Every structure is written in C-alpha cells, then in structure tokens.
Amino acid sequence: MTRPLRIEFAGALYHVTSRGNAQEDIYRDDKDRTMFLEILKEVCERFNWVIHAYCLMSNHYHLLVETPDGNLSKGMRHLNGVYTQRFNRTHNRVGHVFQGRYKAILVQKDSYLLELARYIVLNPVRANKVLTAQDWPWSSYRSTAGFTSVENWLTVDWILSSFSDQKINAAKVYREFVSEGMNQPKIWDELKNQIYLGDESFIKNMQSKISSKTSLEESPSAQTRKVAKPITYFESQYIDRDVAICKAYETGAFSMKAIGNHFGLHYSRVSRIVKAKGKT
C-alpha cells in the first residue's frame, strides 16, 4: 500500500501518534516521560508548535499539534530523534526506539479539535489503566481541567473558550464533556483516505494544496501552495476588522495565532470571530 502523503502548511492541525519499535515500551519509567515532555517543550519553542492536547501511554504517545509555520516533519524529527538519543544514552542501549515513521492525520479544527482532545485524554481510561482521565498524570487533562497549573508550552485557551468565556466555568464544562466521551461514537469512523478528518470541503481544500507534480513518496518540499497576500492586504481591503480576519484565515496561509498577533488579539478570540462569521 502506498504511504499517505505528508501535507504541511501554515496553521495545519494534526493528530500525531508514534509507537515503539516492535511494540516495545518507549517509556520505562516516569523519568523517561518527564524527559520526553522536556524535549516536547524544546520543540514548541524552537519550531513554534501549538500543543492543544497530549497523552503519553506506555508504548506510544498522542499529540494534537498545530503548526503555525507548516513544519511538522522538522519538529517530529527533533522530537523523536532527540528522545531516541537521550533514551538510549540513559538506558545504555542502541537501536530504534520508535517503529518506522509517525502517523499524522490532518484535522478540520473547528469541527474535530474538541472531539480529538477528548479522545486523546481518555486513552488511559479506554486501556483500563485508570478509572478516570484525572487519574492519569501524563496527559494534558489535569491542566486543561484546572486541577494543575498549565505548562507554558501547552495551549488550553482554544479548548476552554469553546465552552465559556469564564475560565472556571469553561473548565467545569470541559470536565463534563470529557466524562461523557466514553459513550460517544468512534471518531475514526469518519477518517478519509487515511489522513483526513473533516468534511468534503475540508478534504478538497487539503488536496488542492498538493502539487500535481508531487510524487507518491513523502516529499513535503514538493507540496506547494500559492503565495497568499499579506495580512495587511486584507486589513486595507475590508473596513470590518472581523471580515478582514476571516478573509485572511480562509487563504489557509495564516494561523489564527499569526492573525491574532497582527490585530492585537489572542488567537482564541480570532477563533470565535471565524466561527461566528461562518454561521452568518
């Protein structure tokens, strides 16, 4: 079977998983998990990643990552590569830690981010490792739910802002949302072409980003898109700031974070503007 292409562009959202070689554990103890999160922090700082949710299991991990700069493959090489080096050095071993290449699914943010964030933190519950998501210390659940402080590399504002403008109320509703997740239909039933989680319009838009000359092998450098006009262009063309924001976001060239930085808004506010305009 042909390997699915990696599609990379500014503002893309992915559900990423990577498993241990020969199904072996990638973490032998909590020190390994702490080491992995330290490297993930490095990646976020170096490659400007936005992590919405994560969960470290025994022989694999889950990330819900947004790439404002369209650099998933570069960040993943650093994450898995540096972790392998440090893991091998720590445990006096050689060889692969991860099994082949990681799996990345392109996600339609407004439609599926919340469902995926819930799915990710419920993994330990589904695996019968704990009774509730709160019982598992190696996921983003506790921080998002308000039980612990939020790591400076973890972004919880987009998720919480979907439930309420008040953080305390949002965290409460989020906890209820997660607790109801065990009874929800399997989200992967809606996966298309191995790499897309979104509606037909989203998939068509994603496929349009692939150059017709792209080979069937993984080749991010060959995946091209038209150069978009700068954000200042949309600001000058539309008197209504919210319309300008939506038009800029529709190009797919700018992340909500980049647009927010330009207009002096938090990207969660940009998200609400985009969603509100989409309903009008």
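**Charged pairs and the setting of a helix**

Modeller: Lys 172 and Glu 176 stand four residues apart in helix H7, so about one helical turn separates them. (Helices, H or I with at least four residues, and strands, E with at least two, are DSSP runs numbered from the N terminus.) An α-helix has 3.6 residues a turn, so residues three or four places apart point the same way. Lys 172 is partly exposed at 46% relative accessibility, and Glu 176 is partly exposed at 36%. (Buried means under 20% relative accessible area, exposed over 50% and partly exposed in between, with a 1.4 Å probe and protein chains only.)

The model is predicted: local features need pLDDT of at least 70 and side-chain atom pairs pLDDT 80 or more, while totals for chains, interfaces and linings use all residues. Residues are numbered from 1 along each chain as its sequence is written, and side-chain values use heavy atoms, without hydrogens and water.

Over the whole structure, the search finds seven salt bridges. One of them joins the side chains of Asp 165 and Arg 272, at 3.9 Å from N to O. That pair links distant parts of the chain, 107 residues apart: Asp 165 is in the loop between helix H6 (157-161) and helix H7 (167-179), and Arg 272 is in helix H12 (residues 267-278). Asp 165 counts as exposed at 64% relative accessibility, whereas Arg 272 is partly exposed at 28%.

Another salt bridge brings together Glu 42 and Arg 86, at 3.2 Å from N to O. Here too distant parts of the chain are linked, since Glu 42 lies in helix H1 (residues 30-47) and Arg 86 in helix H2 (residues 72-90), 44 residues apart. Both are partly exposed, Glu 42 at 28% relative accessibility and Arg 86 at 24%.

Just after H1, Asn 48 adopts a positive phi of about 60°.

The buried residues of H1 include Asp 32, Arg 33, Phe 36, Leu 40 and Phe 47. Their cover includes strand E2 (50-56), strand E3 (60-67) and H2. In the largest nonpolar core, which has 90 residues, Trp 49 and Tyr 61 touch the most other members. H1 supplies the largest share of this core, eight residues. (A nonpolar core is a set of buried Ala, Val, Leu, Ile, Met, Phe, Trp, Tyr and Cys residues joined through side-chain atoms within 4.5 Å.)

Beyond its neighbours within four places in sequence, Trp 49 is in contact with residues including Leu 40, Val 43, Cys 44, Leu 63, Leu 72 and Met 76, contact meaning heavy atoms within 4.5 Å.

Notes:
A salt bridge is a side-chain nitrogen of Lys or Arg within 4 Å of a carboxyl oxygen of Asp or Glu.
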